[in-house]
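Hi everyone, thanks for coming along. I have one model to walk you through today, so let's get it up on the screen.

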Amino acid sequence: MGRFYGYNRVSSKEQHLDRGRKSIERFCNEHDYELVKIFEDKQTGRSFDRPRYVVLKEDVVQAGDTIVIPEYDRLGRADQTKQELEYFKSHKVRIIFLDIPTTQIDLTLMTDGMSAAILSCINDMLISFYDLMARTELQRKKKRQQEGIEAKKARGEWDNYGRPRIMSAADFARHYQRVVDGSIGSLALMRELELNKDTYFRYVREYKQTH
(Lines give C-alpha, C1' and ligand atoms only; values in the text may rest on other atoms or scores of the structure.)
Protein backbone atom coordinates (compact mmCIF):
# COMPACT_ATOMS: atom_id res chain seq x y z
CA MET A 1 0.00 0.00 0.00
CA GLY A 2 1.27 3.47 -0.86
CA ARG A 3 1.11 6.63 1.19
CA PHE A 4 -2.01 8.58 2.10
CA TYR A 5 -2.36 12.32 1.57
CA GLY A 6 -5.28 14.65 2.04
CA TYR A 7 -6.42 17.49 -0.16
CA ASN A 8 -8.76 20.15 1.19
CA ARG A 9 -10.02 23.34 -0.44
CA VAL A 10 -12.39 26.20 0.20
CA SER A 11 -13.32 28.86 -2.33
CA SER A 12 -12.34 32.03 -0.46
CA LYS A 13 -10.09 33.30 2.30
CA GLU A 14 -13.14 33.96 4.49
CA GLN A 15 -14.11 30.28 4.57
CA HIS A 16 -12.62 27.80 7.03
CA LEU A 17 -10.73 24.62 6.26
CA ASP A 18 -11.35 22.97 9.64
CA ARG A 19 -14.35 20.81 8.70
CA GLY A 20 -12.70 19.22 5.68
CA ARG A 21 -9.43 18.71 7.54
CA LYS A 22 -11.17 16.93 10.41
CA SER A 23 -13.09 14.70 8.00
CA ILE A 24 -9.86 13.54 6.35
CA GLU A 25 -8.14 12.92 9.67
CA ARG A 26 -11.13 11.04 11.10
CA PHE A 27 -11.43 8.80 8.03
CA CYS A 28 -7.74 7.87 8.10
CA ASN A 29 -7.82 7.18 11.84
CA GLU A 30 -10.90 4.97 11.54
CA HIS A 31 -9.27 2.87 8.82
CA ASP A 32 -5.75 2.85 10.30
CA TYR A 33 -4.36 4.69 7.29
CA GLU A 34 -1.19 6.61 8.09
CA LEU A 35 -1.88 10.14 6.87
CA VAL A 36 1.36 11.74 5.74
CA LYS A 37 0.10 15.29 5.16
CA ILE A 38 -2.91 17.36 4.18
CA PHE A 39 -2.46 19.93 1.40
CA GLU A 40 -4.86 22.86 1.52
CA ASP A 41 -5.82 25.78 -0.72
CA LYS A 42 -8.10 28.76 -0.30
CA GLN A 43 -8.94 29.36 -3.92
CA THR A 44 -11.79 29.01 -6.39
CA GLY A 45 -12.40 25.65 -8.05
CA ARG A 46 -12.44 27.22 -11.52
CA SER A 47 -8.73 26.72 -11.94
CA PHE A 48 -6.43 23.87 -10.92
CA ASP A 49 -3.48 26.23 -10.86
CA ARG A 50 -3.49 26.26 -7.06
CA PRO A 51 -0.16 26.33 -5.17
CA ARG A 52 -0.64 23.41 -2.78
CA TYR A 53 -2.56 21.27 -5.25
CA VAL A 54 0.15 21.64 -7.89
CA VAL A 55 2.82 20.61 -5.36
CA LEU A 56 0.77 17.59 -4.29
CA LYS A 57 0.04 16.49 -7.85
CA GLU A 58 3.37 17.17 -9.54
CA ASP A 59 5.97 16.85 -6.76
CA VAL A 60 4.60 14.59 -4.04
CA VAL A 61 2.23 11.75 -5.00
CA GLN A 62 3.60 8.69 -6.72
CA ALA A 63 2.14 5.51 -8.17
CA GLY A 64 0.31 3.56 -5.48
CA ASP A 65 -0.43 6.62 -3.33
CA THR A 66 -3.91 7.76 -2.31
CA ILE A 67 -5.40 11.26 -2.06
CA VAL A 68 -8.32 11.65 0.35
CA ILE A 69 -10.72 14.53 -0.41
CA PRO A 70 -13.65 15.52 1.87
CA GLU A 71 -16.25 16.16 -0.85
CA TYR A 72 -16.29 15.56 -4.59
CA ASP A 73 -16.73 19.25 -5.45
CA ARG A 74 -13.68 20.25 -3.39
CA LEU A 75 -11.38 19.06 -6.15
CA GLY A 76 -12.80 21.45 -8.76
CA ARG A 77 -15.33 22.01 -11.51
CA ALA A 78 -16.77 18.93 -13.15
CA ASP A 79 -15.37 19.38 -16.68
CA GLN A 80 -11.82 19.96 -15.48
CA THR A 81 -12.01 17.40 -12.66
CA LYS A 82 -12.63 14.68 -15.23
CA GLN A 83 -9.28 15.51 -16.82
CA GLU A 84 -7.56 15.49 -13.43
CA LEU A 85 -9.00 12.06 -12.59
CA GLU A 86 -7.79 10.72 -15.93
CA TYR A 87 -4.33 12.02 -15.04
CA PHE A 88 -4.34 10.32 -11.64
CA LYS A 89 -5.62 7.07 -13.17
CA SER A 90 -2.79 7.04 -15.71
CA HIS A 91 -0.31 7.65 -12.88
CA LYS A 92 -1.89 4.92 -10.70
CA VAL A 93 -2.88 7.35 -7.95
CA ARG A 94 -6.09 6.55 -6.10
CA ILE A 95 -8.65 9.24 -5.26
CA ILE A 96 -11.05 8.81 -2.33
CA PHE A 97 -14.00 11.16 -1.97
CA LEU A 98 -15.48 10.90 1.50
CA ASP A 99 -19.00 11.64 0.21
CA ILE A 100 -18.82 8.88 -2.45
CA PRO A 101 -18.76 5.59 -0.48
CA THR A 102 -17.79 3.40 -3.46
CA THR A 103 -14.39 5.13 -3.58
CA GLN A 104 -13.63 3.99 -0.02
CA ILE A 105 -13.42 0.22 -0.60
CA ASP A 106 -10.59 -1.30 1.47
CA LEU A 107 -8.26 -2.69 -1.16
CA THR A 108 -5.84 -4.13 1.42
CA LEU A 109 -8.20 -7.07 1.95
CA MET A 110 -7.79 -8.23 -1.67
CA THR A 111 -5.08 -9.79 -3.76
CA ASP A 112 -2.91 -7.49 -5.85
CA GLY A 113 -4.67 -8.46 -9.08
CA MET A 114 -8.15 -8.01 -7.64
CA SER A 115 -7.21 -4.73 -5.97
CA ALA A 116 -5.86 -3.33 -9.27
CA ALA A 117 -9.01 -4.37 -11.13
CA ILE A 118 -11.31 -2.80 -8.53
CA LEU A 119 -9.25 0.38 -8.42
CA SER A 120 -9.49 0.65 -12.21
CA CYS A 121 -13.28 0.21 -12.01
CA ILE A 122 -13.53 2.89 -9.32
CA ASN A 123 -11.45 5.31 -11.37
CA ASP A 124 -13.57 4.64 -14.47
CA MET A 125 -16.73 5.18 -12.43
CA LEU A 126 -15.47 8.52 -11.15
CA ILE A 127 -14.45 9.67 -14.62
CA SER A 128 -17.87 8.71 -16.01
CA PHE A 129 -19.56 10.47 -13.09
CA TYR A 130 -17.71 13.72 -13.74
CA ASP A 131 -18.28 13.43 -17.49
CA LEU A 132 -22.02 13.19 -16.83
CA MET A 133 -21.88 16.12 -14.42
CA ALA A 134 -19.98 18.26 -16.92
CA ARG A 135 -22.44 17.51 -19.73
CA THR A 136 -25.41 18.09 -17.42
CA GLU A 137 -23.99 21.43 -16.30
CA LEU A 138 -23.38 22.47 -19.91
CA GLN A 139 -26.96 21.59 -20.84
CA ARG A 140 -28.24 23.48 -17.80
CA LYS A 141 -26.27 26.58 -18.78
CA LYS A 142 -27.58 26.44 -22.35
CA LYS A 143 -31.14 26.04 -21.08
CA ARG A 144 -30.80 29.01 -18.72
CA GLN A 145 -29.23 31.10 -21.47
CA GLN A 146 -32.08 30.29 -23.85
CA GLU A 147 -34.67 31.03 -21.16
CA GLY A 148 -32.97 34.36 -20.53
CA ILE A 149 -33.03 35.21 -24.23
CA GLU A 150 -36.71 34.31 -24.51
CA ALA A 151 -37.53 36.42 -21.45
CA LYS A 152 -35.68 39.41 -22.95
CA LYS A 153 -37.49 38.94 -26.25
CA ALA A 154 -40.83 38.83 -24.43
CA ARG A 155 -39.98 42.10 -22.67
CA GLY A 156 -38.76 43.69 -25.91
CA GLU A 157 -35.21 43.93 -24.55
CA TRP A 158 -33.41 41.48 -26.81
CA ASP A 159 -32.01 44.16 -29.11
CA ASN A 160 -30.09 45.55 -26.15
CA TYR A 161 -28.32 42.20 -25.62
CA GLY A 162 -28.41 40.27 -28.87
CA ARG A 163 -28.27 41.29 -32.47
CA PRO A 164 -27.62 44.98 -33.31
CA ARG A 165 -30.67 47.23 -33.61
CA ILE A 166 -31.85 47.97 -37.12
CA MET A 167 -32.60 51.54 -36.07
CA SER A 168 -32.36 53.53 -32.89
CA ALA A 169 -35.35 53.97 -30.61
CA ALA A 170 -35.33 57.69 -31.39
CA ASP A 171 -35.46 57.11 -35.16
CA PHE A 172 -38.29 54.62 -34.82
CA ALA A 173 -40.23 56.98 -32.56
CA ARG A 174 -39.92 59.73 -35.17
CA HIS A 175 -41.32 57.46 -37.90
CA TYR A 176 -43.96 55.88 -35.67
CA GLN A 177 -45.32 59.29 -34.76
CA ARG A 178 -46.90 59.28 -38.25
CA VAL A 179 -48.91 56.19 -37.23
CA VAL A 180 -49.96 57.93 -34.04
CA ASP A 181 -51.01 60.97 -36.07
CA GLY A 182 -52.98 58.74 -38.45
CA SER A 183 -51.05 59.76 -41.57
CA ILE A 184 -49.87 56.17 -42.24
CA GLY A 185 -50.85 52.67 -41.13
CA SER A 186 -48.63 50.18 -39.29
CA LEU A 187 -48.44 47.79 -42.23
CA ALA A 188 -47.35 50.55 -44.60
CA LEU A 189 -44.75 51.85 -42.13
CA MET A 190 -43.47 48.35 -41.53
CA ARG A 191 -42.88 47.94 -45.26
CA GLU A 192 -41.38 51.39 -45.62
CA LEU A 193 -38.88 50.75 -42.85
CA GLU A 194 -38.24 47.20 -44.10
CA LEU A 195 -38.87 45.70 -40.68
CA ASN A 196 -40.27 42.24 -40.09
CA LYS A 197 -43.38 41.86 -37.99
CA ASP A 198 -41.64 40.77 -34.78
CA THR A 199 -39.10 43.59 -34.87
CA TYR A 200 -41.68 46.22 -35.78
CA PHE A 201 -44.07 45.40 -32.96
CA ARG A 202 -41.20 45.00 -30.51
CA TYR A 203 -40.23 48.57 -31.35
CA VAL A 204 -43.88 49.59 -30.98
CA ARG A 205 -44.00 48.11 -27.47
CA GLU A 206 -40.77 49.88 -26.66
CA TYR A 207 -42.23 53.16 -27.96
CA LYS A 208 -45.37 52.79 -25.87
CA GLN A 209 -43.36 52.11 -22.73
CA THR A 210 -41.49 55.40 -23.10
CA HIS A 211 -44.19 57.72 -24.45
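Let me start with a question: are H6 and H8 roughly parallel or roughly perpendicular to each other? Before I answer, a word on what you are looking at: this is a predicted model, where local features need pLDDT of at least 70, side-chain atom pairs count only at pLDDT 80 or more, and totals for chains, interfaces and linings use all residues. Residues are numbered from 1 along each chain as its sequence is written, and side-chain values use heavy atoms, with hydrogens and water left out.

Back to the question. H6 and H8 pack at an angle of about 90 degrees, and their axes are 10 Å apart. H6 and H8 are therefore roughly perpendicular to each other; angles of 65 to 115 degrees get that label, under 35 is roughly parallel, over 145 roughly antiparallel, and the rest oblique. The axes here are lines fitted to C-alpha atoms, for helices over the stretch in contact, and the angles run from 0 to 180 degrees between N-to-C directions.

Who touches whom? On the H6 side we have Ala169, Phe172, Ala173, Tyr176, Gln177, Val179 and Val180, and they meet Tyr200, Tyr203, Val204, Glu206, Tyr207 and Lys208 in H8. Contact means heavy atoms within 4.5 Å. Those residues divide into ten nonpolar, one polar and two charged.

H6 has another partner. Helix H6 (residues 169-181) packs with helix H7 (residues 186-193) at an angle of about 150 degrees, with axes 9 Å apart. That makes H6 roughly antiparallel to H7. The H6 residues in this contact are Phe172, His175, Tyr176, Arg178 and Val179, and H7 brings Ser186, Leu189, Glu192 and Leu193. Here the division is five nonpolar, two polar and two charged.

Glu194 is exposed, with a relative accessible area of 69%. The scale is under 20% for buried, over 50% for exposed and partly exposed in between, with a 1.4 Å probe and protein chains only. Lys92, in the loop between H3 and E4, also has a positive phi near 60 degrees, and at 58% relative accessibility Lys92 counts as exposed.

Now let's zoom out. The protein chain has eight helices and four strands; helices (H or I, at least four residues) and strands (E, at least two) are DSSP runs, numbered from the N terminus. Buried residues make up 38% of the 211 residues.

What about the inside? The largest nonpolar core has 20 residues, and those with the most contacts inside it are Tyr7, Leu56, Ile67, Leu75 and Phe97. A nonpolar core is a set of buried Ala, Val, Leu, Ile, Met, Phe, Trp, Tyr and Cys residues joined through side-chain atoms within 4.5 Å. Strand E1 (4-10) and helix H4 (112-154) are among the elements that each supply at least two residues of this core. Apart from it lies another core, of 14 residues, including Met167, Leu189, Met190 and Leu193. Leu189 and Leu193 also take part in the contact of H7 with H6.

Over to you for questions!

Note on methods. Ala, Val, Leu, Ile, Met, Phe, Trp, Tyr, Cys and Pro count as nonpolar, Asp, Glu, Lys and Arg as charged, and the others, Gly among them, as polar.
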